[in-house]
Amino acid sequence: MKLCNQTLTQLPAGIQRPSYARSQVARSIVHLGVGAFHRAHQAMYTEAVLASGDLAWGIVGAGIVSSAMKTALQPQDGLYTLAAMGPQGDQLQVIGAILEVLGGEDDDGQLLQIMRAPSTRIVSLTVTEKGYYLDPSSGDLQLQMPAIQADLANPATPKTILGLIVRALQQRRATGIAPFTVLSCDNLPSNGKRAKAAVVAFAQAVNAELADWITREVAFPCTMVDRITPATTDTDRANISAQLGMLDAWPVVTEAFSQWVIEDHFTMGRPDWTIGGAVFSDEIEAWENMKLRCLNGTHSTLAYLGQLTGRETVADAMQLPLITHLLDALWLEIREVLIAPQGVDTAAYVESLKQRYTNPAIKHRTAQIAMDGSQKLPQRLLSTLRDRIKAGLPSPTLATAIAAWMHFAVKTAHTPGDKLNDPLSDDILAQAKISLQPNEIVRNLLSIQKVFGTDLIGNASFVAELQAGFTDLARNPDVATAIQIAL
Ligand code: CS2
(Lines give C-alpha, C1' and ligand atoms only; values in the text may rest on other atoms or scores of the structure.)
Protein backbone atom coordinates (compact mmCIF):
# COMPACT_ATOMS: atom_id res chain seq x y z
CA MET A 1 0.00 0.00 0.00
CA LYS A 2 1.31 3.46 -0.80
CA LEU A 3 0.59 6.90 0.58
CA CYS A 4 -1.99 8.73 -1.59
CA ASN A 5 -5.35 10.51 -1.29
CA GLN A 6 -7.20 7.21 -1.05
CA THR A 7 -5.09 5.73 1.73
CA LEU A 8 -4.91 8.87 3.92
CA THR A 9 -7.67 7.61 6.21
CA GLN A 10 -5.70 4.46 6.94
CA LEU A 11 -2.75 6.25 8.51
CA PRO A 12 -2.12 5.53 12.19
CA ALA A 13 -3.93 7.94 14.53
CA GLY A 14 -0.91 9.95 15.74
CA ILE A 15 0.11 11.16 12.31
CA GLN A 16 -1.09 14.61 11.26
CA ARG A 17 -2.59 14.80 7.78
CA PRO A 18 -4.46 17.30 5.60
CA SER A 19 -7.82 18.04 7.19
CA TYR A 20 -9.01 20.29 4.36
CA ALA A 21 -10.51 19.29 1.02
CA ARG A 22 -7.49 18.99 -1.25
CA SER A 23 -9.71 18.95 -4.31
CA GLN A 24 -10.88 22.49 -3.45
CA VAL A 25 -7.40 24.00 -3.23
CA ALA A 26 -6.41 26.51 -5.94
CA ARG A 27 -3.15 26.05 -7.83
CA SER A 28 -1.69 29.51 -7.31
CA ILE A 29 1.96 28.93 -6.40
CA VAL A 30 4.42 27.35 -8.81
CA HIS A 31 7.55 26.22 -7.05
CA LEU A 32 10.69 25.61 -9.10
CA GLY A 33 13.16 23.20 -7.49
CA VAL A 34 10.93 20.92 -5.47
CA GLY A 35 13.50 19.18 -3.31
CA ALA A 36 13.81 18.28 0.35
CA PHE A 37 14.29 21.83 1.57
CA HIS A 38 11.17 23.27 -0.06
CA ARG A 39 9.12 20.37 1.24
CA ALA A 40 10.41 20.88 4.79
CA HIS A 41 10.00 24.64 4.69
CA GLN A 42 7.72 26.66 2.40
CA ALA A 43 5.35 23.73 1.83
CA MET A 44 5.01 23.26 5.59
CA TYR A 45 4.17 26.95 6.12
CA THR A 46 1.68 26.74 3.26
CA GLU A 47 0.16 23.60 4.77
CA ALA A 48 -0.63 25.61 7.93
CA VAL A 49 -2.41 28.23 5.79
CA LEU A 50 -4.49 25.55 4.08
CA ALA A 51 -5.26 23.91 7.41
CA SER A 52 -6.58 27.28 8.65
CA GLY A 53 -9.22 27.16 5.93
CA ASP A 54 -7.70 29.47 3.29
CA LEU A 55 -7.68 27.19 0.28
CA ALA A 56 -6.37 29.79 -2.19
CA TRP A 57 -2.76 28.66 -1.98
CA GLY A 58 -1.89 25.26 -3.39
CA ILE A 59 1.52 24.50 -4.84
CA VAL A 60 2.48 23.01 -8.19
CA GLY A 61 6.06 21.81 -7.74
CA ALA A 62 8.53 21.35 -10.55
CA GLY A 63 11.89 19.69 -10.74
CA ILE A 64 14.31 21.68 -12.84
CA VAL A 65 17.24 19.38 -13.31
CA SER A 66 15.46 16.08 -12.77
CA SER A 67 12.05 14.49 -12.87
CA ALA A 68 12.80 12.14 -9.97
CA MET A 69 10.46 13.97 -7.59
CA LYS A 70 7.65 13.75 -10.11
CA THR A 71 8.20 10.01 -10.44
CA ALA A 72 8.10 9.61 -6.67
CA LEU A 73 5.27 11.96 -5.76
CA GLN A 74 2.78 11.90 -8.65
CA PRO A 75 1.61 8.37 -7.77
CA GLN A 76 1.17 9.67 -4.21
CA ASP A 77 -1.01 12.62 -5.36
CA GLY A 78 1.81 14.91 -4.22
CA LEU A 79 1.55 13.71 -0.61
CA TYR A 80 4.67 13.04 1.44
CA THR A 81 5.68 12.76 5.06
CA LEU A 82 7.63 15.42 6.89
CA ALA A 83 9.48 14.01 9.90
CA ALA A 84 10.66 16.73 12.29
CA MET A 85 13.32 15.37 14.62
CA GLY A 86 13.16 17.26 17.90
CA PRO A 87 14.51 16.60 21.38
CA GLN A 88 11.20 14.93 22.25
CA GLY A 89 11.50 12.47 19.39
CA ASP A 90 10.16 12.71 15.90
CA GLN A 91 6.89 14.16 14.77
CA LEU A 92 5.35 12.94 11.55
CA GLN A 93 3.07 15.04 9.40
CA VAL A 94 1.70 14.20 5.98
CA ILE A 95 1.75 17.38 3.89
CA GLY A 96 -0.87 18.01 1.22
CA ALA A 97 0.13 21.49 0.03
CA ILE A 98 1.86 20.20 -3.10
CA LEU A 99 -0.97 19.28 -5.42
CA GLU A 100 0.99 18.24 -8.43
CA VAL A 101 4.61 17.67 -9.40
CA LEU A 102 5.99 18.35 -12.86
CA GLY A 103 9.47 17.73 -13.80
CA GLY A 104 12.60 18.05 -15.74
CA GLU A 105 13.06 17.27 -19.35
CA ASP A 106 9.85 15.35 -19.94
CA ASP A 107 7.71 18.31 -19.09
CA ASP A 108 6.17 18.92 -22.54
CA GLY A 109 5.57 22.60 -21.95
CA GLN A 110 3.12 21.94 -19.11
CA LEU A 111 5.15 23.94 -16.64
CA LEU A 112 5.25 27.00 -18.85
CA GLN A 113 1.53 26.70 -19.42
CA ILE A 114 0.83 26.80 -15.70
CA MET A 115 3.28 29.63 -15.14
CA ARG A 116 1.55 31.85 -17.66
CA ALA A 117 -1.97 31.06 -16.39
CA PRO A 118 -3.64 34.00 -14.58
CA SER A 119 -4.26 31.69 -11.60
CA THR A 120 -0.50 31.58 -10.86
CA ARG A 121 0.22 34.37 -8.39
CA ILE A 122 3.63 33.41 -7.03
CA VAL A 123 6.57 31.60 -8.60
CA SER A 124 8.92 30.55 -5.82
CA LEU A 125 12.41 29.13 -6.11
CA THR A 126 14.83 26.81 -4.35
CA VAL A 127 17.32 26.04 -7.07
CA THR A 128 20.55 26.51 -5.06
CA GLU A 129 23.11 29.21 -5.72
CA LYS A 130 24.18 27.88 -9.11
CA GLY A 131 20.61 27.80 -10.42
CA TYR A 132 20.75 31.58 -10.89
CA TYR A 133 23.77 31.45 -13.25
CA LEU A 134 25.33 34.44 -11.54
CA ASP A 135 29.05 34.97 -11.23
CA PRO A 136 29.47 34.13 -7.54
CA SER A 137 31.89 36.96 -6.89
CA SER A 138 30.44 39.83 -8.95
CA GLY A 139 26.79 38.76 -8.98
CA ASP A 140 26.56 39.37 -12.77
CA LEU A 141 24.61 36.99 -15.01
CA GLN A 142 26.95 34.61 -16.86
CA LEU A 143 25.29 34.98 -20.22
CA GLN A 144 27.86 32.82 -21.95
CA MET A 145 26.96 29.69 -19.93
CA PRO A 146 25.77 26.92 -22.29
CA ALA A 147 22.42 26.47 -20.50
CA ILE A 148 21.68 30.19 -20.78
CA GLN A 149 22.75 30.28 -24.43
CA ALA A 150 20.54 27.28 -25.12
CA ASP A 151 17.52 29.01 -23.56
CA LEU A 152 18.17 32.21 -25.47
CA ALA A 153 18.37 30.19 -28.70
CA ASN A 154 15.22 28.16 -27.93
CA PRO A 155 12.94 30.54 -26.07
CA ALA A 156 9.82 28.39 -26.46
CA THR A 157 11.33 25.42 -24.63
CA PRO A 158 13.29 26.91 -21.75
CA LYS A 159 15.11 24.65 -19.31
CA THR A 160 16.61 27.12 -16.84
CA ILE A 161 14.61 29.06 -14.28
CA LEU A 162 15.59 32.28 -16.05
CA GLY A 163 14.33 31.08 -19.42
CA LEU A 164 11.12 29.82 -17.83
CA ILE A 165 10.38 32.96 -15.81
CA VAL A 166 11.18 35.36 -18.62
CA ARG A 167 9.14 33.41 -21.17
CA ALA A 168 6.15 33.14 -18.84
CA LEU A 169 6.32 36.84 -17.97
CA GLN A 170 6.64 37.76 -21.63
CA GLN A 171 3.51 35.76 -22.46
CA ARG A 172 1.61 37.22 -19.51
CA ARG A 173 2.56 40.72 -20.61
CA ALA A 174 1.48 40.03 -24.19
CA THR A 175 -1.93 38.78 -23.05
CA GLY A 176 -2.53 41.45 -20.42
CA ILE A 177 -2.13 39.15 -17.41
CA ALA A 178 -0.57 40.71 -14.32
CA PRO A 179 2.89 39.35 -13.50
CA PHE A 180 3.36 36.85 -10.70
CA THR A 181 5.67 37.60 -7.80
CA VAL A 182 9.05 35.85 -7.95
CA LEU A 183 9.96 34.57 -4.49
CA SER A 184 13.53 33.35 -4.04
CA CYS A 185 14.03 31.00 -1.11
CA ASP A 186 17.70 30.28 -1.73
CA ASN A 187 20.65 30.97 0.55
CA LEU A 188 21.88 34.01 -1.32
CA PRO A 189 22.36 37.46 0.14
CA SER A 190 19.54 39.77 -0.96
CA ASN A 191 18.14 36.76 -2.75
CA GLY A 192 15.23 38.73 -4.23
CA LYS A 193 17.58 41.35 -5.63
CA ARG A 194 19.86 38.67 -7.08
CA ALA A 195 16.92 36.85 -8.62
CA LYS A 196 15.74 40.14 -10.13
CA ALA A 197 19.22 40.94 -11.47
CA ALA A 198 19.43 37.51 -13.12
CA VAL A 199 15.92 37.64 -14.61
CA VAL A 200 16.31 41.22 -15.87
CA ALA A 201 19.73 40.53 -17.40
CA PHE A 202 18.34 37.47 -19.18
CA ALA A 203 15.30 39.47 -20.36
CA GLN A 204 17.62 42.19 -21.62
CA ALA A 205 19.13 39.64 -23.96
CA VAL A 206 15.63 38.78 -25.21
CA ASN A 207 14.05 42.22 -25.51
CA ALA A 208 14.98 45.51 -23.84
CA GLU A 209 11.38 46.65 -23.42
CA LEU A 210 10.47 43.42 -21.70
CA ALA A 211 13.42 43.89 -19.36
CA ASP A 212 12.18 47.40 -18.49
CA TRP A 213 8.69 46.12 -17.86
CA ILE A 214 10.00 43.39 -15.56
CA THR A 215 12.13 45.94 -13.71
CA ARG A 216 9.07 48.13 -13.14
CA GLU A 217 6.28 45.63 -12.61
CA VAL A 218 7.57 42.41 -11.10
CA ALA A 219 8.02 42.00 -7.34
CA PHE A 220 11.04 40.03 -6.12
CA PRO A 221 10.80 40.00 -2.31
CA CYS A 222 13.86 38.98 -0.33
CA THR A 223 13.65 36.18 2.22
CA MET A 224 15.72 34.53 4.89
CA VAL A 225 15.11 30.79 4.99
CA ASP A 226 16.35 28.34 7.57
CA ARG A 227 15.81 24.68 8.32
CA ILE A 228 18.55 22.05 8.33
CA THR A 229 17.27 19.37 5.98
CA PRO A 230 19.61 16.61 4.84
CA ALA A 231 19.01 14.58 1.71
CA THR A 232 16.63 11.69 2.37
CA THR A 233 18.30 8.29 2.75
CA ASP A 234 16.95 4.80 2.07
CA THR A 235 16.97 4.22 5.83
CA ASP A 236 14.72 7.27 6.28
CA ARG A 237 12.38 5.89 3.60
CA ALA A 238 12.21 2.52 5.31
CA ASN A 239 11.75 3.94 8.84
CA ILE A 240 9.05 6.37 7.88
CA SER A 241 7.19 3.92 5.69
CA ALA A 242 7.23 1.47 8.62
CA GLN A 243 5.70 4.11 10.90
CA LEU A 244 3.05 4.98 8.32
CA GLY A 245 2.22 1.37 7.66
CA MET A 246 2.43 2.22 3.96
CA LEU A 247 5.07 3.21 1.47
CA ASP A 248 6.22 6.81 1.11
CA ALA A 249 8.64 6.93 -1.83
CA TRP A 250 10.21 10.23 -0.79
CA PRO A 251 9.67 11.50 2.75
CA VAL A 252 11.67 14.39 4.22
CA VAL A 253 13.59 14.30 7.48
CA THR A 254 14.32 17.66 9.04
CA GLU A 255 15.07 19.33 12.35
CA ALA A 256 12.32 20.73 14.61
CA PHE A 257 13.65 24.29 14.23
CA SER A 258 12.43 26.36 11.30
CA GLN A 259 12.59 30.05 10.46
CA TRP A 260 11.33 32.16 7.57
CA VAL A 261 11.58 35.94 7.37
CA ILE A 262 10.02 37.53 4.30
CA GLU A 263 9.91 40.99 2.80
CA ASP A 264 6.23 41.83 2.32
CA HIS A 265 6.19 42.78 -1.34
CA PHE A 266 3.77 40.67 -3.37
CA THR A 267 1.79 42.08 -6.28
CA MET A 268 -0.84 39.34 -6.65
CA GLY A 269 -1.46 38.65 -2.97
CA ARG A 270 0.16 36.07 -0.76
CA PRO A 271 -0.76 33.49 1.84
CA ASP A 272 -0.69 34.53 5.47
CA TRP A 273 2.37 32.41 6.16
CA THR A 274 2.51 33.86 9.70
CA ILE A 275 -0.06 31.16 10.51
CA GLY A 276 2.76 28.67 10.14
CA GLY A 277 5.22 30.86 12.07
CA ALA A 278 6.81 32.96 9.30
CA VAL A 279 7.58 36.61 9.94
CA PHE A 280 7.20 39.55 7.54
CA SER A 281 9.91 42.13 8.06
CA ASP A 282 11.66 44.99 6.34
CA GLU A 283 14.97 44.09 7.95
CA ILE A 284 15.69 41.19 5.65
CA GLU A 285 19.29 42.02 4.90
CA ALA A 286 20.25 41.84 8.56
CA TRP A 287 18.41 38.53 8.97
CA GLU A 288 20.03 37.09 5.86
CA ASN A 289 23.50 38.20 6.83
CA MET A 290 23.20 36.77 10.30
CA LYS A 291 22.01 33.45 8.97
CA LEU A 292 24.37 33.21 5.99
CA ARG A 293 27.40 34.15 8.02
CA CYS A 294 26.74 32.53 11.41
CA LEU A 295 25.04 29.38 10.15
CA ASN A 296 26.06 28.74 6.57
CA GLY A 297 29.57 30.14 7.06
CA THR A 298 30.31 27.73 9.89
CA HIS A 299 28.40 24.94 8.16
CA SER A 300 30.71 25.13 5.15
CA THR A 301 33.73 25.27 7.43
CA LEU A 302 32.50 22.21 9.29
CA ALA A 303 31.91 20.45 6.02
CA TYR A 304 35.46 20.98 4.70
CA LEU A 305 37.10 20.19 8.02
CA GLY A 306 34.80 17.21 8.38
CA GLN A 307 35.85 15.97 4.96
CA LEU A 308 39.53 16.42 5.86
CA THR A 309 39.17 14.57 9.16
CA GLY A 310 37.00 11.71 7.95
CA ARG A 311 33.81 12.87 9.72
CA GLU A 312 30.78 11.81 7.78
CA THR A 313 28.15 14.02 9.38
CA VAL A 314 27.94 17.45 10.98
CA ALA A 315 27.12 15.87 14.35
CA ASP A 316 30.23 13.63 14.04
CA ALA A 317 32.39 16.61 13.11
CA MET A 318 31.12 18.47 16.19
CA GLN A 319 32.79 15.79 18.36
CA LEU A 320 36.25 16.91 17.32
CA PRO A 321 37.88 19.63 19.51
CA LEU A 322 39.88 20.93 16.53
CA ILE A 323 36.58 21.73 14.85
CA THR A 324 34.60 23.07 17.81
CA HIS A 325 37.45 25.36 18.90
CA LEU A 326 37.83 26.67 15.41
CA LEU A 327 34.08 27.30 15.09
CA ASP A 328 34.03 29.21 18.38
CA ALA A 329 36.83 31.45 17.15
CA LEU A 330 35.11 31.83 13.79
CA TRP A 331 31.83 32.92 15.38
CA LEU A 332 33.74 35.60 17.28
CA GLU A 333 35.26 36.93 14.08
CA ILE A 334 31.87 36.85 12.38
CA ARG A 335 29.97 38.54 15.23
CA GLU A 336 32.51 41.31 15.60
CA VAL A 337 31.48 42.88 12.28
CA LEU A 338 27.88 41.67 12.05
CA ILE A 339 24.95 44.08 12.02
CA ALA A 340 22.28 41.89 13.58
CA PRO A 341 18.51 42.41 13.27
CA GLN A 342 17.07 44.59 16.00
CA GLY A 343 16.55 42.82 19.29
CA VAL A 344 18.48 39.69 18.32
CA ASP A 345 21.15 38.45 20.70
CA THR A 346 23.79 36.94 18.43
CA ALA A 347 25.50 35.09 21.28
CA ALA A 348 22.25 33.24 22.00
CA TYR A 349 21.77 32.67 18.27
CA VAL A 350 25.20 31.02 18.07
CA GLU A 351 24.43 28.85 21.11
CA SER A 352 21.27 27.64 19.40
CA LEU A 353 23.29 26.78 16.29
CA LYS A 354 25.58 24.55 18.36
CA GLN A 355 22.54 22.68 19.66
CA ARG A 356 21.24 22.28 16.14
CA TYR A 357 24.57 21.01 14.80
CA THR A 358 24.83 18.36 17.50
CA ASN A 359 21.29 17.01 17.00
CA PRO A 360 22.05 13.27 16.77
CA ALA A 361 18.85 12.57 14.87
CA ILE A 362 19.96 14.67 11.91
CA LYS A 363 22.48 12.90 9.73
CA HIS A 364 23.62 15.80 7.63
CA ARG A 365 26.50 14.62 5.49
CA THR A 366 29.53 16.87 5.34
CA ALA A 367 29.94 15.79 1.70
CA GLN A 368 26.53 17.28 0.89
CA ILE A 369 27.33 20.67 2.42
CA ALA A 370 30.83 20.65 0.87
CA MET A 371 29.26 20.75 -2.61
CA ASP A 372 29.38 23.93 -4.71
CA GLY A 373 31.95 25.70 -2.53
CA SER A 374 32.69 28.21 -5.28
CA GLN A 375 29.09 29.37 -5.15
CA LYS A 376 28.92 29.47 -1.37
CA LEU A 377 32.20 30.91 -0.13
CA PRO A 378 31.61 34.54 -1.18
CA GLN A 379 28.46 35.15 0.88
CA ARG A 380 29.23 32.70 3.67
CA LEU A 381 32.83 33.58 4.51
CA LEU A 382 34.28 36.23 2.21
CA SER A 383 31.66 38.86 3.04
CA THR A 384 32.71 38.80 6.70
CA LEU A 385 36.35 38.77 5.66
CA ARG A 386 35.88 41.88 3.54
CA ASP A 387 34.07 43.68 6.36
CA ARG A 388 36.94 42.84 8.70
CA ILE A 389 39.54 44.01 6.18
CA LYS A 390 37.61 47.28 5.86
CA ALA A 391 37.63 47.65 9.63
CA GLY A 392 41.38 46.97 9.75
CA LEU A 393 40.90 43.69 11.67
CA PRO A 394 42.93 40.49 11.20
CA SER A 395 41.04 37.28 10.32
CA PRO A 396 43.18 34.25 11.19
CA THR A 397 40.20 31.93 11.71
CA LEU A 398 38.37 32.94 8.56
CA ALA A 399 41.65 32.37 6.76
CA THR A 400 41.81 28.87 8.24
CA ALA A 401 38.25 28.19 7.12
CA ILE A 402 39.07 29.23 3.56
CA ALA A 403 42.27 27.18 3.78
CA ALA A 404 40.12 24.16 4.71
CA TRP A 405 38.25 24.57 1.42
CA MET A 406 41.59 24.79 -0.37
CA HIS A 407 42.83 21.58 1.26
CA PHE A 408 39.59 19.90 0.31
CA ALA A 409 40.14 20.96 -3.30
CA VAL A 410 43.77 19.77 -3.24
CA LYS A 411 42.82 16.47 -1.65
CA THR A 412 40.15 15.91 -4.29
CA ALA A 413 42.51 16.88 -7.11
CA HIS A 414 45.09 14.33 -5.99
CA THR A 415 42.79 11.45 -5.09
CA PRO A 416 42.23 9.21 -8.11
CA GLY A 417 38.56 8.74 -8.79
CA ASP A 418 37.46 11.67 -6.61
CA LYS A 419 35.30 14.34 -8.23
CA LEU A 420 34.73 17.87 -7.06
CA ASN A 421 31.04 18.55 -7.01
CA ASP A 422 31.13 22.18 -8.08
CA PRO A 423 30.20 24.06 -11.24
CA LEU A 424 33.73 25.51 -11.30
CA SER A 425 35.40 22.14 -10.68
CA ASP A 426 37.55 22.28 -13.83
CA ASP A 427 39.10 25.61 -12.85
CA ILE A 428 39.48 24.70 -9.20
CA LEU A 429 41.08 21.30 -9.82
CA ALA A 430 43.42 22.75 -12.43
CA GLN A 431 44.62 25.43 -10.01
CA ALA A 432 44.88 22.94 -7.16
CA LYS A 433 47.21 20.71 -9.18
CA ILE A 434 49.72 23.19 -10.59
CA SER A 435 52.03 23.14 -7.59
CA LEU A 436 52.77 21.06 -4.50
CA GLN A 437 54.24 23.99 -2.64
CA PRO A 438 51.76 25.31 -0.01
CA ASN A 439 52.23 29.04 -0.57
CA GLU A 440 51.89 28.57 -4.30
CA ILE A 441 48.81 26.38 -3.95
CA VAL A 442 47.18 29.13 -1.90
CA ARG A 443 48.02 31.82 -4.44
CA ASN A 444 46.88 29.68 -7.35
CA LEU A 445 43.50 28.94 -5.83
CA LEU A 446 43.11 32.53 -4.66
CA SER A 447 43.56 33.67 -8.26
CA ILE A 448 40.16 32.21 -9.23
CA GLN A 449 38.37 35.51 -9.73
CA LYS A 450 34.86 34.10 -9.90
CA VAL A 451 35.24 33.07 -6.27
CA PHE A 452 37.67 35.56 -4.78
CA GLY A 453 37.43 38.63 -7.02
CA THR A 454 40.65 40.52 -7.48
CA ASP A 455 40.96 42.32 -4.15
CA LEU A 456 42.01 39.47 -1.87
CA ILE A 457 45.03 38.26 -3.82
CA GLY A 458 46.31 41.82 -3.77
CA ASN A 459 46.06 42.02 0.01
CA ALA A 460 49.47 40.93 1.31
CA SER A 461 48.48 40.55 4.96
CA PHE A 462 45.45 38.43 4.09
CA VAL A 463 47.52 36.25 1.74
CA ALA A 464 49.99 35.70 4.58
CA GLU A 465 47.15 34.78 6.98
CA LEU A 466 45.77 32.34 4.45
CA GLN A 467 49.14 30.74 3.82
CA ALA A 468 49.68 30.37 7.56
CA GLY A 469 46.23 28.83 7.97
CA PHE A 470 46.86 26.41 5.10
CA THR A 471 50.22 25.29 6.50
CA ASP A 472 48.86 24.91 10.05
CA LEU A 473 46.06 22.69 8.82
CA ALA A 474 48.48 20.53 6.81
CA ARG A 475 50.51 20.00 9.97
CA ASN A 476 47.52 19.21 12.13
CA PRO A 477 47.54 15.56 13.20
CA ASP A 478 43.74 15.30 12.83
CA VAL A 479 43.84 16.41 9.23
CA ALA A 480 44.58 13.64 6.79
CA THR A 481 45.62 15.30 3.57
CA ALA A 482 45.82 12.79 0.79
CA ILE A 483 48.95 14.27 -0.68
CA GLN A 484 52.25 15.02 0.86
CA ILE A 485 52.43 18.77 0.65
CA ALA A 486 56.02 20.00 0.66
CA LEU A 487 56.29 22.06 3.82
C1 CS2 B 1 23.84 23.96 4.07
C2 CS2 B 1 22.42 24.54 4.01
O3 CS2 B 1 24.04 22.47 2.26
C4 CS2 B 1 24.39 23.55 2.72
O5 CS2 B 1 25.18 24.27 2.13
O6 CS2 B 1 24.67 24.89 4.68
O7 CS2 B 1 21.63 23.80 3.17
C8 CS2 B 1 21.79 24.64 5.41
O9 CS2 B 1 21.53 23.38 5.95
C10 CS2 B 1 20.53 25.44 5.37
O11 CS2 B 1 20.79 26.70 4.82
C12 CS2 B 1 19.94 25.59 6.76
O13 CS2 B 1 18.89 26.48 6.73
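Predicted model: local features only at pLDDT ≥ 70, side-chain atom pairs only at ≥ 80, totals over all residues.
**View 1. Residues around the ligand.** The shell is made up of Asn187, Asp226, Arg227, Ile228, Lys291, Asn296, His299, His364, Ile369, Lys376 and Arg380. Five of these residues are charged, four are polar and two are nonpolar.

**View 2. Polar side chains facing ligand oxygens.** In the side chain of Asp226, an N or O atom is 2.6 Å from an oxygen atom of the ligand. For Lys291, a side-chain N or O atom is likewise 2.6 Å from a ligand oxygen. Asn296 places a polar side-chain atom 3.0 Å from an oxygen atom of the ligand. Taken alone, the ligand exposes 350 Å², and the protein buries 89% of that.

View 3. Helix α10 spans 284–308 and α15 spans 373–390. Each supplies at least two residues of the shell around the ligand. The largest share, three residues, comes from α10.

View 4. Domain 1 covers 5–280, and domain 2 covers 284–486. The shell around the ligand draws at least three residues from each of them.

Terms used. Residues numbered from 1 in each chain as written. Heavy atoms only, no water. Near = heavy atom within 4 Å. Polar contact = N/O pair within 3.5 Å; in protein donor to acceptor, adjacent residues only side chain to side chain. Areas by Shrake-Rupley, 256 points an atom, 1.4 Å probe, with all protein chains shown as cover. Helix = DSSP H or I, 4+ residues; strand = E, 2+ residues; numbered from the N terminus. Nonpolar A, V, L, I, M, F, W, Y, C, P; charged D, E, K, R; others polar. Domains from an automatic or database assignment.
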